[in-house]
Amino acid sequence: MKPPAFDYHAPRGLGEALEVLAGAGPHGKVLAGGQSLIPLLNMRLASPSHLVDINRVAELDTLVVADGGVRVGALARHAAVERSSSVARAQPLLRTALKLVAHPVIRNRGTVIGSLVHADPSAELPAVLTVLSGSVRLARHGGGERDVPAGAFFTGPLESAVEPGELAVSAFFPSLPPRTGSAFCEVARRHGDYAMAGAAAVVGLDEDLRIVSAKVACVSVGPVPVLLEMSEVCAHRPAASVDWAAVAASVRERIDPEGDIHATAAYRRHLTGVLAERALRIAAQEAAGEQGREGLDG
Amino acid sequence: MAETLHEISLTVNGVVREVKVPGRRLLSDCLRHELGLTGTHVGCEHGVCGCCTVLLDGDPVRSCLTFAVSVDGHEITTVEGLSGPDGSLSPVQRAFSECHALQCGFCTPGFLCTVTALLRDNPTPADDEVVEGISGNLCRCTGYQNIVKAVHRAAELMGDEA
């Protein structure tokens, strides 16, 4: 279990990193935290001829709360984002989901952008970016930057819109409007392992606490995070009078999971319905709590 | 064709060590093979078992999921660096010994490094915080009960010495 040989590059700045990546083209791979890439190398499932280590590119080690959301730079470690109280205030779903990503020791080294670019459909952060309608910013040598919305970023299992020579420099996780809550629920065989099923939910309420918007992004049930619009099923009712059995049934009807050694397709379908309902209920509760707190403050 | 070697400098257990390694040398192998520090154990080599956990600038990381070249210039603490300069056991090591928190000992270096950092960040962890803290370290002998006890005992010992 040793990685194959590669040419190692350690650029000191973003310009240099982009230049090296452009030169490496389809044979280049970016190394940040390495918590997904190095296992793939150790198991020889990947063998890039050029590895571009961005750990010395200080301008990518950023974490900015501004412009209605959180912009996470390519070198921000899971642990740093998880611990940031300003991030938790601006977008609490990040901390909620990060606590489910592997183990604390992995999160010390792994990066949020790395999890997105790795694009594992069982992973939490792609679902979070999807349910929040966030985006990933890509840069290339001499070509400027482009922002790719979450819906177009994940293109298949372990496949993203990042093209050869491009570097994902940051991702944007928008904050939620007032009276909107979020939640993440999952079930894994072992703590910290990839989930057999899970759902990230966002629910918005009107002034009378009726659900006006609801959506879930489901993990482990397709090649990419599966985003389901649930507003109509929740039928503009307060959470207490929503037909939750119908909500879970609607989720089960609209997904097409595959079975594997960890769970059968039927079990995944059932579990996803349960977890989506649970996440939507918690998100609705959070949304109502938000108004309660505003009332106290005001 | 011979692989390109990179000259790197690591501060390991307080001592500056200069080594030449290929880009693909894992930190775990660099510690064991180039530097002869075989206390860092290699179990699964894909980040699951936690045996190879070392402290990188004070924070626990998987040395099998880190390239030695990536951490050029950084500080590494291995299990060999946890005891005092006179060889006396650290409070975490003493607690593991007292509480019988190891049997075969293969996973122990990883646990010791993880728990050392855990108690530095949270000197009086609750049970669930201990379990969460060591969730990334596997032990096939003990059933974890004595390891959890040892973490609490280490917290007591450190509290007494503070």
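Mentor: Let us begin with what is meant here by a domain: its bounds are taken from an automatic or database domain assignment. On that basis chain B falls into domain 1, residues 5-81, and domain 2, residues 91-161. Taken over C-alpha atoms, the centres of domain 1 and domain 2 of chain B are 22 Å apart.

Before going further, please keep in mind that this is a predicted model. Its overall scores are an ipTM of 0.94 and a pTM of 0.95. For chain B the average pLDDT is 96, and 99% of the residues score at least 70.

Fourteen residues of domain 1 of chain B are in contact with 11 residues of domain 2 of chain B. On the domain 1 side, strand E3 (53-56) and strand E4 (59-62) of chain B each contribute at least two residues to this contact. The largest share of that side, three residues, belongs to E3(B). Sorted by class, the side of domain 1 of chain B that touches domain 2 of chain B holds seven nonpolar, six polar and one charged residues.

Consider next the chain as a whole. Chain B has five helices and five strands, and from the N terminus they follow the order β-β-α-β-β-β-α-α-α-α. Its radius of gyration is 16 Å, close to the 15 Å that the globule rule gives for 162 residues, so chain B is as compact as a globular protein of that length. Along the principal axes, the C-alpha trace of chain B extends over about 55 × 30 × 25 Å. Of its 162 residues, 49% count as buried. If one takes the contacts in chain B between residues at least 6 apart in sequence, 59% of them join residues at least 24 apart.

Which residues of helix H1 (residues 27-34) of chain B are buried? They are Leu27(B), Ser28(B), Asp29(B), Cys30(B) and Leu31(B). The buried residues of H1(B) pack against strand E2 (15-22) of chain B. After H1(B) comes Gly36(B), which has a positive phi, near 70°.

A positive phi also occurs in chain B in a residue other than glycine: Tyr144(B) has a phi near 75°. Tyr144(B) sits in the loop between helix H4 (127-133) and helix H5 (145-161) of chain B. Is Tyr144(B) buried or partly exposed? It counts as partly exposed because it has 17 C-beta neighbours inside 10 Å, whereas a buried residue needs 20 or more.

We may now turn to the partner of this chain. In the contact between the chains, 22 residues of chain B meet 24 residues of chain A. On the chain A side, helix H2 (37-42), strand E3 (50-53) and helix H6 (104-107) of chain A are the elements that give two or more residues. That side of chain A has 13 nonpolar, eight polar and three charged residues.

Chain A itself has 12 helices and 14 strands. The radius of gyration of chain A is 20 Å, close to the 19 Å that the globule rule gives for 298 residues, so chain A too is as compact as a globular protein of its length. Its C-alpha atoms fill a box of roughly 60 × 50 × 35 Å along the principal axes, and buried residues make up 51% of its 298 residues.

The largest nonpolar core of the model has 147 residues, and those with the most contacts inside it are Ala200(A), Ala201(A), Val216(A), Ala279(A) and Leu280(A). Strand E12 (residues 195-205) of chain A gives the largest share of this core, nine residues. Beyond its neighbours within four places in sequence, Leu280(A) is in contact with Ala201(A), Val203(A), Ala214(A), Val216(A), Met230(A) and Val247(A).

Ser133(A) lies in the loop between helix H8 (124-131) and strand E6 (135-140) of chain A. With 16 C-beta neighbours inside 10 Å, Ser133(A) counts as partly exposed.

Technical notes
Residues numbered from 1 in each chain as written. Chains lettered and ligands numbered in written order. Predicted model: local features only at pLDDT ≥ 70, side-chain atom pairs only at ≥ 80, totals over all residues. Contact = placed C-beta atoms within 7 Å. Helix = DSSP H or I, 4+ residues; strand = E, 2+ residues; numbered from the N terminus. Nonpolar A, V, L, I, M, F, W, Y, C, P; charged D, E, K, R; others polar. pLDDT = per-residue confidence, 0-100. Core = buried A, V, L, I, M, F, W, Y, C linked by C-beta atoms within 7 Å. Buried ≥ 20, exposed ≤ 12 C-beta atoms within 10 Å, placed from the backbone. Rg over C-alpha atoms; globule rule 2.2 N^0.38 Å.
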